[in-house]
Amino acid sequence: MTIQEAIKARHSVRAYTKRPIDGEVLETLEQEIRSINERSGLRITLCRNEPKAMTCLLAHYGAFENAENYFALIGPDEDDLFERCGYWGERLVLLSETLGLNTCWVAGSYKKSTVKAMLRDGERLAAIITVGYGAKPGKPHRSKTYEQVTETSGPVPDWFRAGVEAALSAPTAINQQKFRVILRDGEPSLRALRGPYAKIDVGIVQYHFEIGSGRTIPIE
Ligand SMILES: Cc1cc2nc3c(=O)[nH]c(=O)nc-3n(C[C@H](O)[C@H](O)[C@H](O)COP(=O)(O)O)c2cc1C
């Protein structure tokens, strides 16, 4: 499965089997995390066989089951931390999908104190992403339309449309899709609207747009 195919195939999965993440799959994930941390300045950590973060009441009501593995998205407490965690975290989400794993972003319904215990001085926790072998496949989310998320002027190239299509498949907090993809004088940019965790969302959308369009896109 390619990353492009992973964008179409991915849906949030909250219930997992007990199958451990090990062998080559684990090695691939750990290698990618090392590479991401070197490039991004983040300190993303894969926590395995750690049931405490996802066994609080909120996680229970959220229908999480056997969610004992997760990426903890940790980095320096800087202004753009949430956007950066969105971008690099989604890279791990889509890689996981190509490896036969399933994921779910979790920014609200987990026991933050458990994960915060890992923080070092000057660091902040943005969210976690549960990862594992899904007990059943996820379902497609309802989506806004191309028109609802774009602001364009002048001719619209195919690469822009392809980028927006990939952006509309991105996971967002409570499926809010509070972002705009803008095309001005032929240059694309992204804007986060107001909403819970919309800064993480816009980083996630940035990665999807780049994969779909083959172009980089700055966040305004
Ligand atoms: C930043 C962010 C935070 C999220 N937080 C939670 C959460 O706390 N609990 C939860 O059950 N799902 C959470 N989700 C998952 C979303 O509800 C889900 O991505 C959205 O409904 C779209 O569905 P899909 O991922 O299957 O496309 C979060 C997603 C994102 C991107």
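Author: The shell around the ligand

Among the 21 residues around the ligand, those that come nearest are Ser12, Trp105, Gly108, Pro171 and Asn175, where a residue is near a molecule if its C-beta atom, placed from the backbone, lies within 6 Å of it. This is a predicted model, in which local features need pLDDT of at least 70 and side-chain atom pairs count only at pLDDT 80 or more, while totals for chains, interfaces and linings use all residues. Residues are numbered from 1 along each chain as its sequence is written.

By class, the shell around the ligand holds eleven nonpolar, nine polar and one charged residues; Ala, Val, Leu, Ile, Met, Phe, Trp, Tyr, Cys and Pro count as nonpolar, Asp, Glu, Lys and Arg as charged, and the others, Gly among them, as polar. Strand E3 (102–106) and helix H8 (198–213) each supply at least two residues of this shell, helices (H or I, at least four residues) and strands (E, at least two) being DSSP runs numbered from the N terminus. At least three residues of the shell come from each of domain 1 (3–132) and domain 2 (146–213), with bounds taken from an automatic or database domain assignment.

The centres of these two domains, taken over C-alpha atoms, are separated by 23 Å. Their contact takes 17 residues from domain 1 and 16 residues from domain 2, two residues being in contact if their C-beta atoms, placed from the backbone, lie within 7 Å. On the side of domain 1 that touches domain 2, helix H1 (3–9), helix H4 (81–98) and strand E4 (123–132) each supply at least two residues, and H4 gives the most, with eight residues. That side of domain 1 divides into nine nonpolar, three polar and five charged residues.

Within strand E6 (residues 179–184) lies Phe179, which counts as buried because it has 25 C-beta neighbours inside 10 Å; the cut-offs are 20 or more other C-beta atoms within 10 Å for buried, 12 or fewer for exposed, and in between for partly exposed, with C-beta atoms placed from the backbone. Not counting residues up to four places away in sequence, Phe179 touches Val149, Leu190, Arg191, Ala192, Leu193, Asp201, Val202 and Val205. Of these, Val202 is 23 residues apart from Phe179 in sequence and 6.4 Å apart in space, C-alpha to C-alpha.

As for the whole chain, there are eight helices and seven strands, and buried residues make up 42% of the 220 residues.
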